[in-house]
Structures are given as C-alpha cells and as structure tokens.
Amino acid sequence: MPSVAPSTFAGTANVIAVIVLLTEFAMLRAPLLRSQVRLYAFQSLVVTALAVFVAATRHIDSLYVLAALSFTLKVIIVPRVVTRLLSRANVSLAGNSSLGVATMTLIAIAISVFGFFSVGALNLRSPVLPEAALAVSVGVILVAFVLIILRSDVVSQAVGFFSLENGVSMASLVVASGLPLIIDVAFLFDLMVAVVVFGVLMRIHHARNRTLSTEPLDQLRG
Amino acid sequence: MHLLLIALVAVPLVPTVACLVAPRRSSQIITIVAAAVAFGLTVALIPYAASHGALSTSILRADAVSVVFLLPTTFLYLTAAIFSVGYLRATDDPRGRRYVRRFYVGFNVFCWSMVVAPLVNGLALLWVAIEVTTVVSALLVAIDDTDGAAEAAWKYVLLASMGLGVALLGTIVMYYAGTKAFGPSYDLSYGRLLAGAPHFSPDAVRLADVLAVLGFGTKMGLVPVHTWLPDAHSEAPTPISALLSGALLTTSFYAIVRFFQISERALGPTFPRIVLLVFGLASLALAALYVLNQRDLKRLLAYSSVEHMGILAIGMSFAAPLALVGVLLHVIAHGAAKGSAFFGAGSVVRKFATKDLRQIRGGVSILPWSGTMLVLAVLALSGLPPFGIFRSEFLIVAGGLRDPNDAVAAILVVLATVAFFGLSWFTTETMLTPVTGTVPPRGEVSVAIVIAMLVGMVALVVLGVHVPGALNHLLERGARSLEVSR
C-alpha cells in the first residue's frame, strides 16, 4: 500500500487521540487526587470534542446527542461526585503509589508503545479508519490499567477505571461511529450505574478504614 | 410465545418493587413465587426452543443456547430464594429490617439481570446486561458490612469492571469487523451477525474474540484473571455465593459462547478453540492445585468453580458435537450441584460459626440432612455417578477422545482427578470424622435449607440418571448451533 498523507479527518482524530493519551499519562503521575479528577474531566471534554468532530465530518447527527450526554455525565457529574466524596473524606488528599513516578511513567510508556505496535501489526486497514487513533486508544486503555494497578488508593483506582472507559469510547468513536444511538446511551447509562456503585463502595471503604489507601485491603488471600 | 419472553423478563421485577415496601415474610413469599414462575416459564420455553429456530423480537431473542443458560439461573433463583428463608432466620439479624429489605431488593435485581442477559438480542445489549450483573452483585457482596466483605467487593468491582472494559472494546471491534459486510451503520443482533460472519474482516474478528474471552473471562473466573472470585464467593452472603458461582459465572460464559459462535463462522474453528483451550487448561490446572491446599470451606467451593469453568472452556475447544452437548449439560448440572454445595456450606458455617476447615468436625452427625447432602453434592461436583456432572464430564471427555489431539482429554482427566482428591479429602475430613471437643447441638439450622438442597440434589440425580427427552433435544439443538455446518 503506497504511503499517502493522512486525510484531515484522520489527522485531526489522531491529534485528539494523542491529547487523550497524554492526559492519561498526566493522571498517572498527578500527586493530588483532586488534580487527578480535574484531569479526568479534561480528558472527558476532549473525548466529547472528538464526538462532535466525528459527528460534523461524517454527518452523523445522533453523535451530537451522544456528545451532549457524555459531556453532562463525564465532564460534570462524575467529577463532581468524586470531588464531593473527597471533601467529605477529609483525609490526606495525596494519592499513594507503590512505585516512584519515574518508574511508573517508564512502565506506562513501555506498555503503551507495546499496545500501539501490536494493534498496528494486526493490519486493520480500512479506507475510512484512522488506524493510529485506534492504536492510541488501546494505549490509553493499557495506561489506565497501569494506573489502576500501581496507584494504591481507591479514588485513583476508580478514576482510572472511568478513564479506561474514555479510552473505549474513543475507540468506539473512531472505528464504530455508526453504532446505533440507543446502544451508546445504554453504555453511558451503565457507566452512570457503575459510578454510583464505585461511590458507594468507596464510602464503605472509607467508613470502615478511615483512609482512602488500599493498604488495609490485603486480608483475603489463598 | 413472544409473550412468554416478555413475561420472563418482567417477572423478577415484581418482587423487586414489592420488596421495597413489603415486610419480611411477604418479601420472602413474593420472591419464592416469582422465582417459581420464572423457572416455570423457562421450562415452558424448552419444547419450543428444542424444535424451532430462534424466537426473536427486536430486543429479545431466545434460542436453544440461551434457554440452556437460563435454566441454571432460574433454578438457582428459586432454590436460593427458598434457602434465604432459612439463612436469614438463622441470622436473627441484629441489622434488622433494613438489611432484609436491601438483601431482597438486591437479590431480585441480581436475578433479573442474569435472566435478561441470555435473552437480549445482540452483543451490545448483552454487554450492558452483564455490566448490570456486576454492579448489583458487587453491592450484594458488600452487604454484610465486614472488613472482608468490603475488601472482596472492592476487588471484585474493580477487576470485573476492568475486564468488562476490555470486553466492551472486543464488542466494538466486532462491530467494526462487521462494517465490512454491512456498511458503517447496523445493529449488533445475533441473527444478522451469525448470517454475515463469513464476510467479516478476519483480523478484526480475531482481535475481538481474544478481547472478549479475556474480558468476559474475568467475570467467568478464568485463570489468570480469576483473582476476585474466591474472595467474593467466600465473603458474600451464602445465597449470593450460590448465585455467583452457579449462575453468574455461566452467564459470562454465555457471552463467550456467543463470540465463539461468530468467530467460528468468520475464521473457521481452529482459532477460537485454541484461545479457549489455553485459558481452560490454565484454569483447570491452577484451580486443581489450589483445591488441594484450602483452609476455608467457601473458598474451597470457589476454586472448584474455577475448575469447572476451566472444564467448560476446554470442552468448547474440542472438535466434537458430543463434547458440546456435554458442555451445555455441564452448565446446568454445575449450577444445581454448586447451589446445593453452597447451601450445605452455609448450613455448616451457621452451625459451627466458622469457615475454617480445621475447626469443623463431625458435620454429618451434627447436621444429619444438610451435612449428608453436602457430602453428596461435593461428590457430585467431583464427577461421581449417578449425578448430572458425571454424565456431562463423561460426554466432554468422550468428545475429547475423538478429537485428533486427544492428549488434552487425558490432561483433563488427570487434573479433574487431582481436584476430586482435594475436594473429597477436605469434605470427608470435616463431615465424616467423629465429633471432637465442644460441639454445637445436633439438629438442622432450618427446614428451608434442607428443602433447597433437596431440590438441587433431585435435579442432579435426574440429570445423571435420565435426561428428560425435551431437554435432551434442547441440548442437541444447542450443540448443533455451536458448530459450523460444513
């Protein structure tokens, strides 16, 4: 296949995807839980922008509805719920992590590069698909995994899961933008339920242990 | 017939709403009645699903495979509802009415989500339903409000959500694979996917299949993504443990089966089989070893679940229709056996006030009914005749021996024997040894527990001795639909 310059669509989608990935890295290293939540809100905003962009260039009107819903839910409601929990928790608001920032970032870089090239190696060619954007979404998902595994406080882990969902939404916008609206809405509704449940469990955890750290969570083994 | 489907989806919602306001006794009765109706409706679906094609509307769809997976769910819905009557009485709960209300509302919503999952039409809605089962069951795992329960619930919701994130990506990639056949916009209903699968883009289907097995495999308890499972099963209230093990794990397996069906049509059988074989062997091997070294009664049963999920995955990977019939029967028989085993464990834990296998002695002489049936249920889980799991494992192994690569069947037999050794060792040691030291008084915890176990054991014997004709047709039809016609 001859190499050609990417179309404006692919170029813009790739740029937005890279911004989302960079935000994910920033979340990974953000020391304060509040700044992590703010970064999540920003990341969701960028994903919403991608939805609007895809809607406009591909003329898929239903994506505007999706963008509006995802803006309300992921940019406003979810960050607010988590921030409220944090202000109630009234404990040290710095997150913990089991490794230093530099090590964590290096691991995340290695893993996202791995994800990027493995998706590239799959050869998912298509005339309309910005392949790089899909590979970057996989990178976002893998870095979210690193975040969940290495950060050891319940808030970071929950926010890590929410940002994983951002990575999946981004993948769905670039490779499955024609997905029926009803299904997109069902996915978002599910995210909302998950947010509520994560909130309840975080509150239970905090009420029992007076901390947001996951250190007390090592009783069950074998 | 379409009304039947709608009724089945609606029935568990009635007790959900009623339990919000009803007092405890009425909640129990309403739940049992609704569960019995749900089970009855599922049984009523069998003859149709066994002899016709899929029964479908735009949202709901039932074919032989989905009815097979509905059977253990609604069966355990009923038996766990009966068991809960005795379980909650024995609690003489200090937490009072609020606990009971939360328990029953959660219990019914959980069962509803597991009834809906095999009945929705399409991969996207299936994912949504399975995500709902996760969040509801995570709250139910946490309901006992102990340190262990809070820890188990957090690990469970986090790991399962991560897994389902991967599964969602798999679903989206499958959608993308289909755009090659259907154009950019279409719906993910099964009929369309199965018909169009041969024209999908094969690389994308491969990626989707692996992501789906890994993602839904997290909830099914496949090694190495099983780590939430023993914690959640041991810390949840016992009726919930039974539902998690007997119904939730197989509901996630159902999602894997659907991806398998599509991948098999798009790629030919080799690739999806190898994926399942790898995960299945890892699960069976690791679980068999963990069973050998357990000190906690409920964790022992949880690892036995991982073992059986491994057997299901391996069974799917055999290139023989016989093995597929075995897999579908195994889904049902495992539900019945694991239900009874957990109910028995619940009775023992109530009586001895411990889950520690070293402190439980003389179970059968202290609990003459539930203790005896626990021993029988564990023997059934180990694959002894005359119980249903004997027949299903026999079919799986017999199918495996016809596979050109029959070494896998031999490995399966060896590992299942190791697990049998571990399970029966601990059970005989705790249940059949003479009573020592200070012991609780002889006698059953509750009649309801005995009834729930008895129902499960009867079902197991029926499945083992003579599978009813309609059910047999259902299993055969289901197995045929899992094979590519060549």
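This is a predicted model: local features need pLDDT of at least 70, side-chain atom pairs count only at pLDDT 80 or more; totals for chains, interfaces and linings use all residues.
Helix H7 of chain B runs over residues 147–182 and has 36 residues. From its first C-alpha to its last it reaches 51 Å, close to the 52 Å expected at 1.5 Å a residue. H7(B) is mostly covered, with 31 of its 36 residues buried. The residue that follows H7(B) is B:Gly183, and its phi is positive, near 85°.

The largest nonpolar core has 275 residues. H7(B) supplies the largest share of this core, 22 residues. The residues with the most contacts inside the core are B:Val68, B:Val141 and B:Ala153. Leaving aside residues up to four places away in sequence, B:Val68 touches B:Leu328, B:Val331, B:Ile332, B:Leu474, B:Leu475 and B:Gly478. As a general point, nonpolar side chains tend to be buried together in soluble globular proteins.

**Helices H13 and H14 of chain B**

Two packed helices are described by the angle between their axes and the distance between the axes. The axes of H13(B), residues 297–317, and H14(B) come within 10 Å and cross at roughly 180°. An angle over 145 degrees counts as roughly antiparallel, so H13(B) is roughly antiparallel to H14(B). On the H13(B) side the contact includes B:Leu297, B:Leu301, B:Ser305, B:His308 and B:Leu312. On the H14(B) side, B:Ala323, B:Val327, B:His330, B:Val331, B:His334 and B:Phe342 are among the residues that take part. The residues of the contact of H13(B) with H14(B) divide into 13 nonpolar, six polar and two charged. B:Val331, listed in this helix contact, is also touched by B:Val68.

**Backbone exceptions in chain B**

Most residues other than glycine have a negative phi, and most peptide bonds are trans.

| Site | Feature | Value |
|---|---|---|
| B:Val223 to B:Pro224 | cis peptide bond | omega near 5° |
| B:Pro385 to B:Pro386 | cis peptide bond | omega near 10° |
| B:Asp145 | positive phi, not a glycine | phi of about 55° |
| B:Ala353 | positive phi, not a glycine | phi of about 55° |

B:Pro224 lies between helix H9 (202–220) and helix H10 (228–235) of chain B. B:Pro386 is in the loop between helix H16 (368–381) and helix H17 (388–402) of chain B. B:Asp145 is found between helix H6 (123–142) and H7 of chain B. B:Ala353 lies in the loop between helix H14 (321–352) and helix H15 (363–366) of chain B.

**Contact between chains A and B**

The contact takes 36 residues from chain A and 34 residues from chain B. On the side of chain A that touches chain B, the elements that give two or more residues are helix H5 (131–150), helix H6 (154–175) and helix H7 (181–209) of chain A. H7(A) gives the most to this side, with 13 residues. The residues of this side of chain A divide into 26 nonpolar, seven polar and three charged.

Terms used:
Residues are numbered from 1 along each chain as its sequence is written. Chains are lettered from A and ligands numbered from 1 in the order in which they are written. Helices (H or I, at least four residues) and strands (E, at least two) are DSSP runs, numbered from the N terminus. The expected span of a helix is 1.5 Å times one less than its number of residues. A residue is buried if 20 or more other C-beta atoms lie within 10 Å of its own, exposed if 12 or fewer, and partly exposed in between; C-beta atoms are placed from the backbone. Two residues are in contact if their C-beta atoms, placed from the backbone, lie within 7 Å. Ala, Val, Leu, Ile, Met, Phe, Trp, Tyr, Cys and Pro count as nonpolar, Asp, Glu, Lys and Arg as charged, and the others, Gly among them, as polar. A nonpolar core is a set of buried Ala, Val, Leu, Ile, Met, Phe, Trp, Tyr and Cys residues joined through C-beta atoms within 7 Å. Axes are lines fitted to C-alpha atoms, for helices over the stretch in contact, and angles run from 0 to 180 degrees between N-to-C directions. Angles under 35 degrees count as roughly parallel, over 145 as roughly antiparallel, 65 to 115 as roughly perpendicular and the rest as oblique.
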